[in-house]
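Below are some short notes on the model, for checking against the coordinates.

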Amino acid sequence: MRPDEISAAIRAKFPQVKEEAGTNYIIVPKESILEVSEYIKNPPLSFDNLHCITGIDRKEKIEVIYTLYSIGEHYGVTIKINLTSEDLNIASVSAIWKSANWLEREVYDLFGVIFSGHPDLRRILNPYDWQGYPLRKDYSNPQLIAKPRL
Amino acid sequence: MIKLAKNFVVGTWSLIKGLAVTIKYFFRPTVTLQYPTEKQPMSECYRGLVGLRPEKCIVCYQCVKICPTACLAITHKQEDKKKTLETFKYNMELCCFCGLCQQVCPTSAIIMTNIYEISVYDRKKLDINLLDMKKYDEWTNTTIK
Amino acid sequence: MLSILDIIWVLVIGIIVLGFIAVSAMFLIWWERKVSAHIQSRYGPMRVGWHGVLQSVADAVKLLLKENIVPAGADKLVWWLAPFIVVVPSVMAFVVIPFGKNLIVKDLNVGALYLMALSSVCVIGIFMAGWGSNNKYSLIGGMRSAAQIISYEIPLILSMIIVSMQASSLSMQKIVAAQAGYWNILHPNMALAFIVYIISATAEVNRVPFDIPEAESELVAGFHTEYSGMKFAMFFIGEYTNLFIISAIAATLFFGGWQGPVLPGAVWFLIKTYGIVFVLMWVRWTFPRLRVDQLMGFAWKVLTPVSFFNLAVTGWLLLK
Amino acid sequence: MDATQTKDIYTEEFLINMGPQHPSTHGVLSLELTLDGETIVECTPHIGYLHRSMEKIAENRTYTQFIPFTDRLDYVASMNNNLGYVMVVEKLLKLEISERAKYIRVIIAELNRIASHLIAIGTFAQDLGAFATPLFYCFREREKIVEIFDQLCGNRLTYNYMRIGGVLTDFSRDIEEKIKKFIKYMRPKVDDYDWLLTYNAIFLARSKHIGVLSKEMAVNYSITGPNLRASGVKWDLRKDEPYLAYDKFEFDVPVGKNGDAWDRYKVRIEEIRQSLRIIEQAIEALPQGDVAVKVGRIHKPSPSETYFRTENPRGELGFYIVSDDSVYPYRLKIRSPSFSNLAVLPELVRGLKVADIVCVLGSFDILMGEIDR
């Protein structure tokens with residue numbers, strides 16, 4: 001299956017899902033992440049491998065990006081979820097893909113996105129008592145080395 | 001029972017094979033060096049401490065801009081159009097020996113020396129002015145004889 | 001009544017034995033480092049003396065000068081006593097080891113039994129060290145050591161008994177004398193006993209592949225994690241003295257002891273002993289370590305039945 | 001102790017902290033173990049002792065300046081990290097590199113894969129108690145590779161060799177000869193490892209049927225690399241999504257049967273053989289040409305985002321890179337293989353002995369520099 005076919009298949013099933021312009025990334029509203037995940041995990045799409053979860057701080061919003069692959073079928077899909085900075089709650093997919101457990105903890109640690117339903121949502125890379133979310137753009141720490149002059 | 005006996009024989013034989021490998025190398029010549037007295041020859045392009053040939057420097061600031069860890073700092077004097085170096089600070093505590101500065105230098109003023117024995121007792125010694133390259137003699141002398 | 005002469009005699013013997021132990025332990029440490037180094041394509045110690053022969057002396061001086069750290073919460077008395085209880089039995093074992101025809105401190109008529117008794121005292125010291133350190137890794141190491149040594153005691157003793165049966169004596173000199181011209185190892189049942197003996201003895205002195213009490217990659221250093229300075233050195237000396245002793249016993253029981261042509265007895269004895277020590281070192285630097293349950297299983301399921309079987313066969317052969 | 005406790009046997013679970021300083025946690029990993037005797041009841045890993053926030057650093061460096069930092073991710077396989085990073089930047093810039101550079105990259109990446117697997121094998125044997133001997137043999141062989149790299153780029157551990165648009169230096173005749181000699185030297189050594197370790201009875205007893213990772217579980221936990229293949233999944237990016245010139249070479253993808261610690265070890269041994277095959281073919285067919293495309297030192301890609309993954313010795317290393325109008329990446333996410341590989345550990349070691357946790361951990365070949373980033 002080509003990326004556009006996968007995207008079309010998902011959009012046919014869930015009308016609320018959109019496609020990002022210019023790419024084949026799929027934008028899922030945050031309410032429906034669980035049902036979409038449930039659907040694409042199982043055949044016919046069978047995305048059995050949650051490869052990576054990325055957070056991006058876009059200042060006005062925080063994007064959470066799920067990179068998924070299917071080992072058996074040799075294709076992949078990228079799912080995007082936009083979160084406004086007022087409401088950073090999102091359902092955890094760690095019951096569907098076990099690998100989400102640590103990946104979600106990492107996004108929580110670095111961006112402060114709260115994954116509800118996660119079995120063990122603690123900080124992972126930073127110390128447990130760390131203040132702030134380091135990868136946000138407004139994070140500041142006096143110990144940070146400034147950008148090299150260009 | 002036959003299987004058990006077979007396992008026993010195979011297992012014992014595998015242990016003997018392991019012993020054969022170790023005794024083989026017991027009689028082979030050693031491969032290590034007696035470090036402080038014997039030293040490994042460094043390759044020609046070895047990236048050790050950063051060195052400077054001040055007469056070649058044209059104060060273009062390329063090295064300062066490319067350095068990923070900001071360990072170089074230059075000040076210069078402007079005399080009409082000609083720039084001359086005033087200080088060339090090099091903080092080897094931060095240096096990651098990536099060789100990018102050597103690569104960007106248009107006049108090959110920055111070179112990577114092959115000095116790699118750089119442990120000191122005083123941190124201040126790690127922040128040096130490269131115009132005074134005599135400091136490096138001290139480094140090479142600190143090695144154990 | 002002890003005369004002055006007797007006391008002087010005891011003192012001289014004691015000094016000779018202790019001196020021999022110290023030198024032999026240091027030599028073995030250096031030798032092990034050299035053997036391991038050459039197996040691994042390295043040089044090993046090269047600096048102190050010719051090819052580093054004096055390295056162990058330098059290490060001993062260093063350890064003597066080191067601060068003696070007592071861990072907080074340690075059971076002081078137990079902690080202090082443990083290294084002595086490990087070292088003293090191994091020193092005592094030298095009493096009955098025949099180095100030559102007349103070169104033996106005291107040829108006890110219960111020699112072999114005496115050795116068996118001593119070999120199990122060492123475990124108490126190791127367990128005390130594990131308990132007294134107030135460290136969980138040490139405790140696990142001590143526990144493992146107790147379980148291991150108790151298990152391997154049985155095949156060890158059984159295989160020694162077989163030799164005693166053959167010689168119909170427990171005295172070490174008589175066992176040696178019984179092998180005149182024909183070493184025990186040349187009998188098939190004795191060869192089997194030797195294999196059982198050497199495996200259990202390796203386990204007894206906690207060497208790879210049976211070094212679970214101090215399993216470096218699991219328990220950091222096992223029972224001697226918390227020891228430093230001379231106390232650590234005592235564990236070390238105890239370990240290498242034990243290594244010498246098990247090899248010496250093997251040489252005595254199975255390889256004809258000090259008997260041999262041309263060369264004097266003591267030289268033959270040392271050649272045989274160090275030969276066995278070399279094999280043990282060679283094994284140590286080759287094999288991985290067994291797991292606790294596999295180790296126990298091996299002792300109870302393989303070695304013990306085999307030695308009982310061997311015992312029965314030997315008895316039948318003798319009665320026939 | 002009161003009467004009730006002496007009457008009924010009173011036992012208590014035992015909590016030990018393994019690490020962050022421990023001989024066999026492969027760096028600064030801390031494992032909180034709850035033990036029942038010697039049996040593991042619960043295992044909680046604590047990571048982050050080596051956290052340098054590479055992703056934040058990346059946002060403050062230009063694309064070229066970040067290459068030295070990728071050396072410090074997986075410091076045993078720096079070349080492969082360099083490769084993964086420059087490939088994602090090239091994908092972002094839509095840069096096509098020369099054929100010779102592709103071949104050189106393949107050779108270098110495979111050499112470093114061998115070096116990395118050698119360390120994995122050596123430390124795994126060390127964890128199982130084969131004290132130092134296999135490790136020293138592995139280091140002896142690795143030294144030959146390191147010498148080649150030293151001659152090539154001037155450093156022995158953190159190479160900084162790959163460049164956006166090519167590589168730093170071209171192969172000289174001397175290096176080609178050295179690589180050919182290395183292949184001849186290495187082949188019998190791998191057989192030696194087979195004799196010394198692979199089929200050794202004690203080694204088999206220690207590692208067979210320990211830490212069995214089923215196919216489904218491996219995929220579900222997003223395990224990648226040799227660890228995935230040991231579970232019987234035939235998935236190798238070099239074969240399935242070929243990048244560089246991998247589709248031009250003939251090689252097999254070794255897979256395991258049971259997914260136990262021994263299979264993970266065995267897959268690595270086989271991969272060394274396959275890597276040697278790839279290098280041999282590549283060095284024979286090395287095309288002529290330039291090794292680097294002329295590009296500036298400062299790159300300014302158009303705003304876009306892209307994800308690319310390469311097959312690292314430890315699994316799939318992915319970079320998710322987002323660019324904006326500046327010369328700095330807006331966001332760089334590093335998807336490190338060891339991070340995902342370690343996540344499965346608590347589930348695997350439950351019910352095993354203390355000695356086995358070391359075995360399972362060693363067989364996964366994790367590297368803390370990459371996990372903590």
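1. The model is predicted, and the points below should be read with that in mind.

2. Chain C is divided by the domain assignment into domain 1, residues 1-65, and domain 2, residues 66-319. Taken over C-alpha atoms, the centres of domain 1 and domain 2 of chain C are 19 Å apart.

3. Contact between the two domains of chain C involves 17 residues of domain 1 and 17 residues of domain 2. On the domain 1 side, the elements that give two or more residues are helix 1 (4-39) and helix 2 (55-65) of chain C. Helix 1 of chain C gives the most to that side, with 12 residues.

4. What is the make-up of the side of domain 1 of chain C that touches domain 2 of chain C? Its residues are 13 nonpolar, two polar and two charged.

5. In chain D, strand 7 (residues 315-323) pairs with strand 8 in the antiparallel sense, over six bridges. One of the bridges can be located by residue: G318(D) has R335(D), in strand 8 of chain D, as its bridge partner.

6. Is strand 8 of chain D mostly covered or mostly uncovered? Strand 8 of chain D, residues 329-335, is mostly covered, with six of its seven residues buried.

Key. Residues numbered from 1 in each chain as written. Chains lettered and ligands numbered in written order. Predicted model: local features only at pLDDT ≥ 70, side-chain atom pairs only at ≥ 80, totals over all residues. Buried ≥ 20, exposed ≤ 12 C-beta atoms within 10 Å, placed from the backbone. Helix = DSSP H or I, 4+ residues; strand = E, 2+ residues; numbered from the N terminus. Pairing = 2+ DSSP bridges. Domains from an automatic or database assignment. Contact = placed C-beta atoms within 7 Å. Nonpolar A, V, L, I, M, F, W, Y, C, P; charged D, E, K, R; others polar.
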